[in-house]
Structure formats: structure tokens, C-alpha cells
Amino acid sequence: MTTEDEKLSIDLQAWFPEAARRVEILDDMSRSWPTIVGLNVARYSTPTVFGVNGLTVEFWDNQAGRELSNMKGNVVRALKLRYNYETGDDFTLKVIDRRNKKG
């Protein structure tokens, strides 16, 4: 019989190492976002989801959204050089206007 003091501990990093790595990269990328996309764009945007084949970035300024749409190369380069993360040809940069987000 299990008591309330006994806890189930799961090492998610051991079970899902690539997912855990993407979480760590996204966390660091959020902090260093201005060095990846530039200060003016970073003021009005943030990376929010780093999945297997893409990065989702939210913006709240039209100019930042337009510029982000052309920054896939910057992001792919940063992933490779800063984080030693190789993307595939199907990697996408999804740019979402936060102001139109429902929820």
C-alpha cells in the first residue's frame, strides 16, 4: 500500500531527451531573442513553441510580424551555431499575431 508521503518520480529528460532539449533551447532562446532577431523585432515578439519541425513566434506589432516572416534563416542559423541543433528542410517558422489569438 502506498502512503501519501511516497511520490512517483519520473525523469522526463531520460524518457524524452529531445523534447527536454527543445524546452531548454526555447528557454535560452527566449532570453537571447534580441541577439537572434534584433532588438527592434525582439521588443514586439517572443518565441513560444519549439516543436520537432518548427518554431512558433508570437508578435504584437505589424512591422515586427513582417520582419519575422523573413527571419527563418536567422533562426535556423542560431539553432545550428548556438545550440548545435540541426533542422531539416521541412523546418517552419510560424509567425502568429498575438492580438488575434483566441483563448
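What follows is a short chat about a predicted model of a protein.

Q: What's the mean pLDDT here?
A: The mean pLDDT (the predictor's confidence in each residue, from 0 to 100) is 90, and 88% of the residues reach 70 or more. As this is a predicted model, local features need pLDDT of at least 70 and side-chain atom pairs count only at pLDDT 80 or more, while totals for chains, interfaces and linings use all residues. Residues are numbered from 1 along each chain as its sequence is written, and side-chain values use heavy atoms, with hydrogens and water left out.

Q: Which elements have the lowest and highest mean pLDDT?
A: Helix 1 (residues 12–15) has the lowest at 71, and strand 2 (residues 54–59) has the highest at 98.

Q: OK, what's the secondary structure?
A: Six helices and three strands, in the order α-α-α-α-β-β-α-α-β along the sequence. Helices (H or I, at least four residues) and strands (E, at least two) are DSSP runs, numbered from the N terminus.

Q: How far does helix 2 reach?
A: Helix 2 covers residues 17–31, 15 residues in total, and goes 22 Å from its first C-alpha to its last. That's close to the 21 Å expected at 1.5 Å a residue, where the expected span is 1.5 Å times one less than the number of residues.

Q: And which of its residues are buried?
A: Ala20, Arg22, Ile25, Leu26 and Met29. Buried means under 20% relative accessible area, exposed over 50%, partly exposed in between (1.4 Å probe, protein chains only).

Q: Switching to Gly51, where is that?
A: In the loop between strand 1 (45–50) and strand 2. Gly51 counts as partly exposed because its relative accessibility is 23%.

Q: What does Gly51 contact?
A: Arg22 and Tyr85, setting aside neighbours within four places in sequence.

Q: Last one: is Phe16 buried or partly exposed?
A: Phe16 counts as partly exposed, because its relative accessibility is 49%. Phe16 is in the loop between helix 1 and helix 2.

Definitions and conventions. Contact means heavy atoms within 4.5 Å.
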